[in-house]
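I opened my notebook to work through one structure, step by step. Here is what I looked up.

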Amino acid sequence: MVVRLVVELPQHLLGEEGLRQLNDAAICTGTKSFVLTARCASLSICSLPSSPTPSATGGNEGEHTRWAGFFLSPTVTESAMHDFKARDFALFDEQLTTQISRRLLAMVHPFLAANFAIRGIVSIQNVAHCPADIILLDVSHAPVEVLDHMLQTTNGQTIHSGPDGILKCLLISEITFRTKSDIKSPKYAVSAASSAQPPRTSFDIPSCPVCLHRIDPTRLGLPPPPNNQLCSKFCPPPNLIYPTHEENSSCPQQRLLRPWPRPCRCSACSMIDRYWKTELQALSHESHEHLSCFRCELEETLWVCLTCGFVGCGRYSNRHSVEHFDETGHPFSLELATLRIWDYATGYFSHRTDLLDCPSSPPLLFPWARVQHGNGGHSTGQWGGLDEMKSPKKASMIGEEYETLLQSALEEQAQHYEGEITRLRSKLAEDSCDMNTMSAQEADEIRVLQAEIASLRSEIMRCSHELLEWQDQEATNRAQSHSLLEEQKIVQDLLSTIKEETAREHAEGTFQMEELEQQIADLTANQNMRRQFSQDEELQQAQIWGMSSESAPRGRKKKAKRSFRK
């Protein structure tokens, strides 16, 4: 999958020569770095795979990754650039590039500071929509394993300099700098002739890290989030008494979805935040103004474009969100009532299910916000009021669902307050012990006990690590023991077979030995008889008359033979 970055510059910033130099690939991949101020920056991808296999090498389309783009708040970049005088456009040599890279990347992530260098900083100056600054790293000579490790290590983590700033990275294959006069964006009007237009080959994606964090990373060619970035669904209950408080969400993953503070301005994040603040104000009967479709002013089934922040009604209303995609090619649209994300390019939902299944997610935390709010007795939510439903069974099912959710929220709230009561009681007991009234000996004893507690905690951690190692070793030994038992069984079966064959061969040998002994006895008797014949003259002159086998009974002959052998 090819990711392209198009930077729109003010017309007075650079001339034709400066723009040609800036588009030269040698500047971006050489030893120099640039800092510039742009009117806007758009990201586009040429394909959205339905069954992606993320890798740093891209797809099988022959593209080559040259840059890695990170999104940072302007306050972070300005804090790292305060010593360098760079206003609208500047080029830095290798020494200044190294200094800027070390300072800025150390504030972002230690892995980036140790392995990469900055080649460009694009600062967006737009009153309406400037989600974040874009930091470009030169990764054209980095091995594939390093790029894969970078994607796994940085994506979804928090920025090193701020705990609530989400860190997102995209591998960029092409960067284009141009002025507004060079942009030729055809209008895709919805008409009967629109079916004859060729299909789109590229789609504009959000440049806001928070909006990108809401999208399934596999849709963007990124690796799936690891387990430590998924919501465990056991979040502590949030503050339900003051739902509009900024610390309402107690889930760390939900806190990452908050809009970045000024000077960052993301239109989509602003619309999402405004929608849910309006819903909560409606619950508290405060004065409020509902969002509506930008074209037909419909207040139901609203979807917001994550790329530009356009609010339109759904395909089953007046289809203004679908028309916006046909005109602009912005594929990702978020449903404000449910926070689901629809991908028009593939025709599937592309949101992160773990973020929507989180108990602190607004649709699950405030399910009644979409049912009915005071607006002159009219329902403006997505589902409408329960009293307006024609089906009693549907109303009963939704009522039971709300009752279950409310009961679960109340149980979690009760557990939360019980824990808070326990914590406050222990804190009160600690505060009641006035350190000024304690003697020096008691203070020394307390310090000794605290040191022992710290030592015991470290010992517990060490024992836990040792226990894990021993359990791992035990599992290995068990596997080896199982293998040895199987080999022992095989050897025993082979030994039994050898014993049986030996016994059979011994019996055959004994039988053959007896036969040979009998033959030797017969030959010895024959020699003795011949010796007697040769010594006795009468026997030599005697004649032996033979008898036919018919006249001699067989039984007597055999008996005589057996008696002779004896």
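Predicted model: local features only at pLDDT ≥ 70, side-chain atom pairs only at ≥ 80, totals over all residues.

Next I checked R478, which is exposed at a relative accessible area of 57%. The side chains of E474 and R478 meet in a salt bridge, with 2.7 Å from N to O. I then asked how far apart E474 and R478 are in helix 14. They are four residues apart, so about one helical turn separates them. I wrote a reminder beside this: side chains of opposite charge can pair when their charged atoms come close.

Entry two: another pair of this kind. I looked at D273 and K277, whose side chains form a salt bridge of 3.2 Å, N to O. Both residues lie in helix 9, which covers residues 267-283. They are four residues apart, about one turn of the helix. D273 is partly exposed, at 29% relative accessible area. K277 is partly exposed too, at 46%.

I found a salt bridge between E327 and R295, with the closest N and O atoms 2.9 Å apart. Which parts of the chain does this pair link? E327 sits in helix 10, while R295 is in the loop between helix 9 and strand 11. The two are 32 residues apart. I read a relative accessible area of 28% for E327, which is partly exposed. R295 also counts as partly exposed, at 37%. Salt bridges with shared partners join R295, E323 and E327 into one network. I noted the total as well: the structure holds 13 salt bridges.

I traced five strands in an open sheet, in the order 12-11-13-14-15, with antiparallel pairing. Strand 12 (311-313) and strand 15 (348-349) are the edges, and each pairs on one side only. Helix 10 (residues 320-328) packs on this sheet and touches strand 11 and strand 12. The direction of helix 10 makes about 125° with that of strand 12. I looked up the partner of W342 in strand 15, and it is F349.

M529, F533 and L539 form a nonpolar patch on the surface. Together they have about 240 Å² of accessible area. F533 belongs to helix 14 (residues 440-535). F533 is partly exposed, with a relative accessible area of 33%.

Definitions and conventions:
Residues numbered from 1 in each chain as written. Heavy atoms only, no water. Pairing = 2+ DSSP bridges. Contact = heavy atoms within 4.5 Å. Axes fitted to C-alpha atoms, helices over the stretch in contact; angles between N-to-C directions. Patch = residues over 30% accessible without salt bridge, like charges linked within 9 Å, V, L, I, M, F, W, Y side chains within 5 Å. Areas by Shrake-Rupley, 256 points an atom, 1.4 Å probe, with all protein chains shown as cover. Salt bridge = Lys/Arg side-chain N within 4 Å of Asp/Glu carboxyl O. Buried < 20%, exposed > 50% of the residue type's maximum accessible area, 1.4 Å probe, protein only.
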